[in-house]
Every structure is written in C-alpha cells, then in structure tokens.
Amino acid sequence: MRLLFFGPPGAGKGTQAKMVAKEFDIVHISTGDILRDAVSKGTELGKKAKAIMDRGELVSDEIMNNLVKEKLQELDSFILDGYPRTLDQAKFLDGATKDLKKEIDAAVLIDVSEEEIVKRISNRRVCPNCGKVYNLITLKPKEDEKCDVCGTKLIQRDDDKEEVVRERYKVYKKNTEPVIEYYRKNNKIITIDGAQNVEDVTKELFNILRSFNK
Ligand code: AP5
C-alpha cells in the first residue's frame with residue numbers, strides 16, 4: 001500500500017502514520033522527522049533547514065523532492081507524512097511514482113480546526129532520543145515529562161511556539177490545501193475527522209484501509 005498523509009500541523013499525522021505503518025507493515029517516511037534528524041546531527045541539510053523550520057516556513061521544493069525520490073527508490077510500500085506540501089512537490093511526486101511504477105493508492109486527510117491544533121501543539125512533548133511523541137493532556141507520559149520507552153527527558157519542538165504554529169497553519173492553508181484539491185480531483189482523498197480521540201481516529205483509519213488492502 002502507498003499512502004500520503006495530509007492535515008494541518010498537529011492534526012495527528014505522525015501519531016496515526018506510526019500506527020498504520022505498524023499494523024500494515026509499511027514504512028513511515030516523515031519529511032519533518034528527516035529534517036529534524038539532520039538538524040540535530042548538524043549536517044549540511046540540517047544547517048540549511050533549521051532557520052526555515054523555526055520560522056514555520058517551507059524548505060525548498062528542490063531539496064525536498066530529491067530527498068523523497070531517493071527514499072522511494074528503495075521502497076515498495078510506504079506512507080509519506082508531510083510531503084507533498086506544494087503543487088510543485090505534488091507534480092514531481094506524480095512523475096517520480098509513474099517512472100518508478102509505484103503509484104499512490106490513497107491520500108488520507110486528517111482534518112482539525114486551528115484552535116484545536118494550537119491547544120494540542122502547546123502540550124506536545126517529544127523524546128529527543130527515540131522520537132516518541134506525547135501530549136501532556138491526551139497522551140501523557142507515565143512519569144513526569146520522561147519518555148516511557150527510554151527514560152530520556154522530554155522536550156518541546158523549537159517550532160511549537162504559538163506564533164510559529166499559527167504561521168505554519170497559514171502556510172498550510174496557502175500551499176498545501178491546493179495540493180489536497182489536486183488529489184481530490186483524482187478521487188484519492190479519504191477524509192477523517194481528526195477532532196475525535198486518538199483511538200477513534202485509528203479505528204476509523206484501520207477500517208477504511210483494511211477494505212482498501214483486500
Ligand atoms: P512536520 O514535522 O511535517 O510538521 P507538521 O506538518 O506541521 O506536523 P506536526 O509534526 O507538527 O504534527 P502531526 O500532524 O504529525 O501531529 P502529531 O501526531 O505530532 O514539518 C515540520 C517542518 O519541516 C515544516 O514546518 C517545514 O519547515 C519542514 N518540512 C517538512 N516537510 C516539508 C516539505 N515537504 N516541504 C517543505 N518543508 C517541509 O500530534 C500533535 C500533538 O497532538 C501530539 O502531542 C499528539 O500526542 C496529540 N494528538 C494527536 N492526535 C490527537 C487526537 N486525535 N486527539 C488529541 N490529541 C492528539
């Protein structure tokens with residue numbers, strides 16, 4: 001199965017993509033995670049991306065397209081989470097998947113309002129060691145602000161400040177909503193109400209994808 005995950009910042013794309021990847025045994029590719037990993041390792045890519053991400057803006061299409069194409073060459077089934085985010089990226093992906101004969105089966109849109117997002121993101125904490133994502137209200141760590149898996153102290157992402165989250169939301173409306181319309185025209189969009197709790201979103205997604213996977 002080859003899937004795209006769309007939704008505003010903090011909609012729950014990463015949370016759900018990890019569960020779908022595990023359940024259906026497919027690889028989860030998060031372009032945000034790849035960039036954050038590059039930033040923390042101080043690579044050339046990380047140095048270019050850091051300031052852009054901290055402002056809530058988008059890294060260039062050229063960089064993102066090359067990065068994703070390299071990944072797709074190695075994989076047969078995958079979830080792309082956070083890509084494509086612009087029409088240029090969507091057109092590039094179309095060409096690449098056609099060339100590689102790995103066309104996309106469906107694009108999942110997790111829909112959530114701006115106010116809910118700001119609330120969720122201000123309570124998001126992540127483990128800098130293993131990447132597990134928590135929420136101080138909805139997905140609490142067992143021990144105060146420490147990772148359940150590896151015990152590392154949880155941190156807040158640099159781009160999770162309210163003013164940056166609102167900027168990311170604006171960028172999403174301007175650049176990524178037209179991409180969703182592009183896939184809607186091709187009948188690829190599956191819309192899920194992301195305002196439900198995590199378990200209900202997962203249940204709905206699994207049911208849809210199981211019927212898809214037959
Ligand atoms: P990226 O990491 O992709 O950020 P994003 O799209 O803004 O999404 P998030 O990771 O913030 O949220 P999410 O939807 O995964 O939510 P999560 O599951 O964590 O990108 C970051 C930056 O990288 C971009 O701004 C850009 O600069 C750059 N970039 C990346 N890709 C790019 C591209 N293709 N082109 C150009 N630039 C690119 O959940 C959020 C919180 O809510 C968590 O605390 C979670 O526990 C909680 N939660 C989840 N679901 C629920 C629920 N149903 N109910 C209650 N709480 C919930």
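This is a predicted model: local features need pLDDT of at least 70, side-chain atom pairs count only at pLDDT 80 or more; totals for chains, interfaces and linings use all residues.
Mentor: Quick ground rules: residues are numbered from 1 along each chain as its sequence is written. Local features need pLDDT of at least 70 and side-chain atom pairs 80 or more, while totals for chains, interfaces and linings use all residues, and side-chain values use heavy atoms, leaving out hydrogens and water.

Trainee: Why is glutamine 89 called buried?

Mentor: Its relative accessible area is 3%, and buried means under 20% (exposed is over 50%, partly exposed in between, with a 1.4 Å probe and protein chains only). So glutamine 89 counts as buried. It sits in helix α5, residues 87-99; helices are DSSP runs of H or I with at least four residues, strands are E runs of at least two, numbered from the N terminus.

Trainee: What makes β1 and β3 a pair?

Mentor: Two strands pair if DSSP finds at least two bridges between them. β1 (residues 2-6) and β3 (residues 78-81) have 4, in the parallel sense, so they qualify. For one, leucine 3 is bridged to isoleucine 79 in β3.

Trainee: Why are α2 and α4 called roughly perpendicular?

Mentor: Their axes cross at roughly 105° and come within 11 Å. Axes are lines fitted to C-alpha atoms, for helices over the stretch in contact, with angles from 0 to 180 degrees between N-to-C directions. Under 35 degrees is roughly parallel, over 145 roughly antiparallel, 65 to 115 roughly perpendicular, and the rest oblique. So α2 and α4 are roughly perpendicular.
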